[in-house]
Every structure is written in C-alpha cells, then in structure tokens.
Amino acid sequence: MKNNTQDNQEITDHPENLTLDVNSLDAYQIDDVNQNATMQNLEQSESRFNPVIFGNSSFRSGNSSDLPAQSKDSMSLDWLFTIAKQMRQAKTIDTLLLATVTEVQQYLQADRVLLYQLQSQNQGVVLAESMVSGYTPTLKESLPLIAFGANKPEDYQQQPFIAISDTVNTSLTFYQCQLLQQFQVQASLSLPIFVRDKLFGLLVVQQCSRPRQWQENEITLLYQIVTELRLSLQSLIFRNEQQALARVSEKSRQKIDEENIFQTTTREVQKLLNVERVAIYKFHSDYSGHFVFESKALNLHSIVGKTWDDTYVIEHQGGRFRENKPYVVDDVAHITIFKAESPQRTVA
C-alpha cells in the first residue's frame with residue numbers, strides 16, 4: 001500500500017434527502033436505543049456471529065501484527081469507543097457518513113472505504129468515500145450491486161458479509177471483473193446495512209494496491225461499526241423527516257387557496273423524498289381522472305392535464321384507493337398487478 005495517504009473526504013451535496021418510512025417509530029424509543037445499545041455491545045470484543053467467506057476467499061489463521069492479542073484487543077476497543085462517540089454526536093447524515101468512512105479507512109489502512117446506498121433492486125449510488133490518492137474515485141457513481149460481489153439483495157440476508165480477497169483468483173463474472181478493474185479493486189469486503197429489516201446499503205472496504213486476506217477480527221470490528229451506523233442513521237433520518245413534514249404542514253396552513261396548497265405540497269414532498277416527480281391526480285365521478293398539479297425535475301415532460309383512464313380502477317370504483325391503501329411499484333419493468341377488490345358500497 002502507498003505510504004503517502006491522502007483522504008478523499010468529499011460527500012454528496014444533500015445526503016439529508018435520504019428517506020425512510022418511519023411513521024410507526026416513536027422518537028423517544030429511537031433515542032433510547034441509540035444511546036443505550038452501542039456501549040453494551042462494544043464492551044464485548046468477541047465476535048457475535050460466525051464469519052462466512054463468499055466465493056474463493058479465505059482467512060489467514062494468524063495475524064501479521066506482532067502486538068500481543070491483549071494489546072490489539074485493547075486498541076480495537078478504544079477505537080470502537082472513539083468512533084461510536086463521533087457517530088452518536090453527528091448532527092447531520094453527511095457528517096455521520098464522512099466520519100465513518102474516514103475513520104474506518106485510516107484504522108484498517110485500506111486503500112478505499114465507501115458507503116453505498118441501494119436505490120433500486122439492483123442499482124445504487126456511492127454516498128461517501130475515503131481513499132488514498134492514485135486511484136479512480138467512486139464517489140457519486142451509480143453502480144450495480146454486483147460490483148461488490150453480490151448478485152441480488154437477498155445474498156446479504158443469507159451472508160453476514162461478502163469478502164473477495166483476490167479478484168484475479170475469485171470466480172467472478174466478466175461484467176463484475178470489468179467493474180472492479182475500472183476502479184482498480186483487487187480485494188473487496190462489503191457488509192450490509194439493514195434499516196427496519198430492509199437493505200439500506202453497504203459499508204465497503206477495498207484494497208487497490210494488492211490482494212488482501214480479510215481477517216476475522218477486522219470483520220468483527222466492522223460488524224460493530226455497522227450496528228452503530230444503522231442506529232445513528234435511523235435516528236437522523238427520522239429527525240429529518242419529522243422536520244420536513246413539519247415544514248410542509250406549516251407552509252400548507254399558510255396558504256389560503258387550493259392551488260397554492262397543492263403546489264406547496266408537491267414541491268416540498270419532492271424535496272423531502274429526493275425524487276424526480278411528485279404529482280396530484282384528481283378522480284372524476286366515474287373514477288377516470290387527470291393530473292392537476294406536479295413538482296418535477298427540469299428534464300421531465302409535464303403530465304399536468306394528462307388523463308389516466310385505468311379500466312381496473314374505473315370498474316372497481318377506485319379499488320384500494322377508496323380505502324386509502326397505497327399502490328407501490330419499485331420497478332416498472334416488474335409490475336405486479338394487484339388483486340381485484342370488491343368495492344365497499346354505501347347503502348343509502
């Protein structure tokens with residue numbers, strides 16, 4: 001590895017736009033968990049899970065350091081306390097992510113550490129990165145999940161991590177090899193970050209200068225970091241969303257006509273969710289309808305005034321929408337048609 005290490009501590013412009021459905025969470029419960037859980041976990045230096053290697057990677061049975069085991073355990077525990085304190089004190093998501101990747105990269109002496117957020121079933125973006133100079137940055141790059149060794153999100157539910165010790169001697173697809181070579185990656189270790197049982201993203205440690213055998217104690221440390229990161233992220237996301245919803249509510253109350261209320265709502269929700277379009281659709285008496293307001297990215301065509309005569313919705317008089325039930329599509333290429341529902345008719 002290079003001796004002249006230079007951290008790349010850039011981060012996304014507005015990572016606070018990260019979103020999470022936490023309407024069912026209690027703010028006081030989140031704070032209690034965040035404050036109490038970590039310190040008890042960090043006091044146990046032993047691994048609480050059985051590491052499993054993915055692919056052809058393997059662990060060395062020994063450790064290259066000459067430090068006594070007790071000294072290494074003490075150093076690791078001190079570092080864990082230090083980084084956990086920094087993470088709990090982070091006031092914004094960007095400072096949380098920056099502190100995490102920077103501390104991990106420096107402590108493990110890795111060529112690159114990044115934090116990757118999954119944005120769809122198989123695609124995501126690099127939110128934060130700390131790396132030595134001389135390699136191609138991944139910051140803000142949109143990358144497929146397979147770039148880190150997994151073929152699908154479910155792989156991280158079956159494995160506590162995915163480790164590749166040598167990209168040349170590991171069974172990877174041609175496309176995976178291309179992706180790794182693009183960023184000069186020779187070894188990669190990725191741990192999943194689950195928030196409310198959903199894969200939020202990955203903490204990824206990479207070596208670019210040489211292959212690297214990932215040690216069990218390194219993975220144990222990272223497992224503890226991911227646990228603290230998950231709690232801190234959940235707390236900050238909840239706080240950001242509550243503040244944003246309060247702003248939407250306040251601005252809506254200040255408007256005196258329907259048009260201004262709808263315009264304000266679509267604009268603020270678009271910013272809150274960090275999406276390309278938020279629109280309001282108005283039903284007619286026969287359950288056909290049209291779009292009446294929207295807030296959108298500049299490069300998108302407007303849909304205001306466009307009609308949407310959905311035969312199912314018309315036939316079932318609104319279907320699930322009459323019952324205030326959502327219809328969610330994560331990928332329009334794989335739409336699941338919801339079941340026919342008998343409308344609830346009101347007897348006069």
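## Salt bridges

At 13% relative accessibility, Glu-218 counts as buried, and in this predicted model its side chain meets that of Arg-212 in a salt bridge, with an N to O distance of 2.9 Å. Arg-212 also counts as buried, its relative accessibility being 8%. The count of salt bridges comes to four, and two further pairs are described here, one below and one under the next heading.

Glu-129 forms a salt bridge with Arg-112, and the closest N and O atoms of this pair are 3.0 Å apart. Because Glu-129 belongs to strand 2 and Arg-112 to strand 1, the pair ties together parts that are 17 residues apart in sequence. Glu-129 is buried, with a relative accessible area of 0%, and Arg-112 is likewise buried, with a relative accessible area of 0%. As a general point, side chains of opposite charge can pair when their charged atoms come close.

## Surroundings of Glu-294

Glu-294 lies in strand 8, which covers residues 289-296, and its side chain meets that of Arg-277 in a salt bridge with an N to O distance of 3.0 Å. This pair links distant parts of the chain, since Arg-277 is in strand 7 (residues 277-283) while Glu-294 is in strand 8, 17 residues apart. Glu-294 counts as buried at 18% relative accessibility, because the cut-off for buried is under 20%, whereas Arg-277 is partly exposed, with a relative accessible area of 28%.

Which side chain joins that of Glu-294 in a polar contact of 2.7 Å? It is the side chain of Ser-302. With residues up to four places away in sequence left out, the residues that Glu-294 touches include Thr-266, Val-278, Ala-279, Ile-303 and Val-304. Between Glu-294 and Thr-264, which are 30 residues apart in sequence, the C-alpha to C-alpha distance is 9.7 Å.

## Helix 5

Within helix 5 (residues 174-182), the residues Gln-176, Leu-179 and Leu-180 are buried. Seen down the helix axis, the buried residues of helix 5 fall within an arc of 95°, so they line one face of the helix. These buried residues pack against strand 3, while on the other side of helix 5 Phe-174 and Gln-181 are exposed.

## Residues with positive phi

Most residues other than glycine have a negative phi. Gln-184, which follows helix 5, has a positive phi near 60°. Gln-109 is not a glycine either, yet its phi is positive at about 55°; this residue is placed in the loop between helix 3 (93-108) and strand 1 (112-118), where Gln-109 is partly exposed, with a relative accessible area of 44%.

Lys-140, again a residue other than glycine, has a positive phi near 70°. Lys-140 is found in the loop between strand 2 (123-131) and strand 3 (142-144), and at 44% relative accessibility Lys-140 counts as partly exposed.

## A nonpolar surface patch

Which residues form a nonpolar patch on the surface? Tyr-327, Val-329 and Val-332 do so, and together they have about 260 Å² of accessible area. Val-329 is found in the segment after helix 8 (311-315), and at 34% relative accessibility Val-329 counts as partly exposed.

Methods: Residues are numbered from 1 along each chain as its sequence is written. This is a predicted model: local features need pLDDT of at least 70, side-chain atom pairs count only at pLDDT 80 or more; totals for chains, interfaces and linings use all residues. Side-chain values use heavy atoms; hydrogens and water are left out. Helices (H or I, at least four residues) and strands (E, at least two) are DSSP runs, numbered from the N terminus. Buried means under 20% relative accessible area, exposed over 50%, partly exposed in between (1.4 Å probe, protein chains only). Contact means heavy atoms within 4.5 Å. A polar contact is a pair of N or O atoms within 3.5 Å; within protein, one must be able to donate a hydrogen and the other to accept it, and residues adjacent in sequence count only if both atoms are side-chain atoms. The arc is that of the directions from the helix axis to the C-beta atoms. Patches are made of residues with over 30% relative accessible area and no salt bridge: like charges are joined within 9 Å, nonpolar side chains (Val, Leu, Ile, Met, Phe, Trp, Tyr) within 5 Å. Accessible areas come from the Shrake-Rupley method with a 1.4 Å probe; for residues, only the protein chains shown count as cover.
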